[in-house]
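Visitor: I would like to learn how to read a structure one feature at a time. Could you take me through this one slowly?

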Amino acid sequence: MSDDASPSDADEPSATDSTGPVEPTASSESLVLTYAAPFLGVLLISVGLPLSIVGGYVVVQDGLGLCGEPAITATPADEYDDSLATIEEIPAEQLSSAEREALEEAIDSPLQEGRVSGELENRAALLEGVVVEYEGTHYYVQITSQNSCLEVQPLLFPIGAVAILMGIGGVLTPPIYRKLAGFEERMRR
Amino acid sequence: MNRALTEVSLFAVVVVGCLLTIVLARRARGEPSPDGGYATGHRRELSLAEAKAAAVRWTTTTNHREIGLLYIAFGTVAAIWGGIDAMMIRTHLLTPEANLWTEQTYNELFTMHGLTMLIFFVTPVFFGIGNYFLPLLIGADDMAFPRLNAIGFWLLPPSLLLARLGIVAEVTGAMLAVVVPGEWLSVLLAFQEPAIGWTMYPPLSLAPNPQTNFLLLGLHLSGIATTIGGINFIATVVYERDESIGWANLDIFSWNMLITSAIVIFAFPLLGTALLMLLLDRNFGTTFFTVEGGGPILWQHLLWFWGHPEVYIIFLPATGLMSLILPKFVGRKLFGFKFIVYSTIAIGVLSFGVWAHHMFVTGVDPRIRASFMATSIAIAVPSAIKVFNWITTMWNGDVRLAAPLILCVGSVGLFIVGGVTGIFLAVIPVDVIYHGTYYVVGHFHLIIMGIIPFMMFAASYYWYPLITGRMYDRRLAIFQSSLLVIGSGLTFMTLMALGFLEHPRRYATYPAEYSGLHVVATVGSFIIGISVLMWLYNMLWSYFQGTPVETADPWELKATQQFTPEWQWFEDRLERKHGIPPSEPEEVRPSYVPAQEERPPSLYGRIVPVARRALSDAGAGAAGGFVGTVLMTGVLLVAVALGVFDPESFANLATLVGLPANLALGYSLFLFAGMTVWPLLFLSLGEYLPGELTFITGLWYATVIASGFVIAFYTGQTGLELVTYLVFALLAHWIYGLGLAGMITYLGGRRPTSSEGPR
């Protein structure tokens, strides 16, 4: 970096002149600070984003109830014709209260989905898919999403955030450098 | 996490960012210039009447250039929307389990990403470029059917809205739910983005989701719009050419648009018919694609009879742009013009004969499969002719560094990898192994990402002066283009690697051993995302702040006899608009000359300055050290809050000088050292450190002394805590270095390097 020149704001090169395009990067300008530093910055942002997303998510997932509540679907069995003949059938009474609430939610929902907010006693059976008789109608009920909780170290969030901030600093290096060079030159005068 | 709210928020952030850029650029444009002169532009408040007039103008225009811009703007919006889908897909795949979004959300994301990008991004943008430039290139006044042209465009916004009604309905429902009882909104919540894959294979696409109907209607509408556009392009090229332009000297981009349009009018009506049949199956009990009737394989035949030509509909305009733009930056005529035209026609014809290679694993008759294998390999020949001609055009040329050139060269490279991997996929035994893996995803992304958006960006840079009369920021453009090439290579080559490891595609969850490569692909995709945002920033900012072009030949095309008709049009326009060339005064003088007094030397004048200098240096150093240490303390406090830095180590600092272990005493000592020892060392050692500027020297100095800090204050952190401790220690020192150097510069302290005086 010792060979860095200090182009100031004042001598910002013109993009074109009457003969055609002017080279975008003046020969006196540091390639390290014009291209390498911002590249490092983008790399830091790109690494920081996944780190902070995963780390941040793990911090908020419990608070916002984003995990551990599997979603089930309940499809009326008559939509499947006879293909459910070999599927295990369990009575609605065998479902836990949370499972039953989710079933009712799924039956009422236009998307046929409900969330199990509580004890999932029949997890194994629901993962396979079962037929449940509820209020005289048979439904094919299955877990469609386990909504498993993310398990990573929360410390990834600050690391990612710092990486993003440092990255932004890197991306802004060329204009900052030119501004600082101008500032230092003004101060020296 | 709620997918719709996340996606809409991200979209809003991008839009607000764009608006902010525009507002700032406009404001900066109206400010007085620093030399005390008057502002060149004047700030104009947009009145209601003007806004109304602008709205009427832009919604009723039949001017081909304005419609072209509308197409490009629409395509850009769709690209951002589809791009956010892509970023969310990659974020989902960061972890092996489906725990950021659900499996359902993942399926919705890749379905709508594919459809949005293919249908609503690529075709409209190329039609926009075609609308703007094709009449200029062939010397036509306008498109053959200007009103039809406008209709073709205005069918697109409603079609996008229909296709993506799921998100719009969900977000509207979520917002209304704040004030309206939930049960009233069940209709809105029933619209769920389809999760059926962009190919919409039955029986998945026959599943009950009302939004799928709207998606099909939206796609049908967009198909009508595309067909209208295609007919218009053909009529324009055939009937509206200038007398001087015959088939032999028709430019290469117009040739490509012509053949693309020919494919469009054969392929899109078929898609429309198939979509209507699917709609009938879904809503009126017909059995075209059900097992009892025509069967799901029938859909695949119909879809791919449109779908494979569609690949070339979006690919050929990109090759046209490459053939047009590349020669301009290598100073040579396009090598083998005729053969490129022939290869384009060959691709146009062959594209209809390769559809079944998407169906090698569906159990179609082996003899039919073999014939499709032959045609699929054969279509590589015209594509290879193009690549050969592009490389030969570059050969021995006067290659000039510019963003479009970087994009062209990057495209050729990525296209070769994408194309060669495609030849392997055309071979049935290989396809059977790799069809369901990330190999396919990597292959087609290397082609459709590696050349299509690349050429759009290249065209945007190449013609930017013509469209706006200003030049974009060329340094940023070079950086952005390189970043795009690196990001695309990293992302899609990684997907190829995942494919080689036989990682199945389209699954929301995957075995943990693939996690590392997925993280790499995600990082690559974020690099692509950042580079796209940089392009957007450059386009918007430069529209207001770019250097005005001083010539109609910004790329020196006249020198290589490549000054094509659209630039001639631009030259005429500039001449009509400005008439007289700008004049310059014979002599110029700076608006302000600083006074330079010479001090008479005297005894007093000789002794006092030295003392004053020493005091000033020490004072500036202490002030700089104080500012730096206080800033550094802020960073360290964050590290303390995160639990990666133990404040007890400060307390122990006091014991080094025989004081009791007390935090306040330790910190005072730290502050004292930060104001005395380290600034003095900086002032004496600075000149041995790299960097012309004090700031840079300060950063280097801080980096060196950070190592000592790290060892002295280490309190047994391990793993991630250690990494965070190291990062924060370095960051704190950089901030110290900047604060120290900045303050010293501001107070006029002695520069640590030997060079004196203004450079």
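**A buried valine and what follows**

Guide: Let us begin with A:Val116, which counts as buried at 1% relative accessibility, where buried means under 20% relative accessible area, exposed means over 50% and partly exposed lies in between, with a 1.4 Å probe and protein chains only. This is a predicted model, in which local features need pLDDT of at least 70 and side-chain atom pairs count only at pLDDT 80 or more, while totals for chains, interfaces and linings use all residues. Residues are numbered from 1 along each chain as its sequence is written, chains are lettered from A and ligands numbered from 1 in the order in which they are written, and side-chain values use heavy atoms, with hydrogens and water left out.

Visitor: Where is the place of A:Val116, and which residues does A:Val116 touch?

Guide: Helices (H or I, at least four residues) and strands (E, at least two) are DSSP runs, numbered from the N terminus. A:Val116 sits in the loop between S5 and helix H3 (123-128) of chain A. Contact means heavy atoms within 4.5 Å, and, not counting residues up to four places away in sequence, A:Val116 touches A:Glu69, A:Pro70, A:Ile72, A:Ala98, A:Glu99 and A:Ala102.

Visitor: How is chain A divided into domains?

Guide: Domain bounds come from an automatic or database domain assignment. Here chain A has domain 1 (40-63 + 151-188) and domain 2 (71-145), and their C-alpha centres lie 46 Å apart.

Visitor: What is the area buried between chain A and chain B?

Guide: Buried area is the accessible area (1.4 Å probe) that two parts lose on being put together, summed over both. Between chain A and chain B this is about 5,300 Å², of which carbon and sulfur atoms give 71%. The elements that give two or more residues to the side of chain A that touches chain B include helix H1 (31-60), helix H4 (156-171) and helix H5 (173-188) of chain A, and H1(A) gives the most, with 14 residues. By class, that side of chain A has 35 nonpolar, 16 polar and eleven charged residues, where Ala, Val, Leu, Ile, Met, Phe, Trp, Tyr, Cys and Pro count as nonpolar, Asp, Glu, Lys and Arg as charged, and the others, Gly among them, as polar.

Visitor: Which parts of chain B does the pair of B:Asp85 and B:Arg164 tie together?

Guide: The side chains of B:Asp85 and B:Arg164 meet in a salt bridge, with N to O at 2.8 Å. B:Asp85 lies in helix H3 (residues 64-92) of chain B and B:Arg164 in the loop between helix H6 (156-163) and helix H7 (165-176) of chain B, so the pair joins parts that are 79 residues apart in sequence. B:Asp85 is buried, with a relative accessible area of 0%, and B:Arg164 is buried, with a relative accessible area of 0%.

Visitor: Is B:Arg367 buried or exposed?

Guide: B:Arg367 is exposed, with a relative accessible area of 67%, and B:Arg367 forms a salt bridge with B:Asp365, the closest N and O atoms being 2.9 Å apart. B:Asp365 is partly exposed, at 28%.

Note on methods: Salt bridge = Lys/Arg side-chain N within 4 Å of Asp/Glu carboxyl O.
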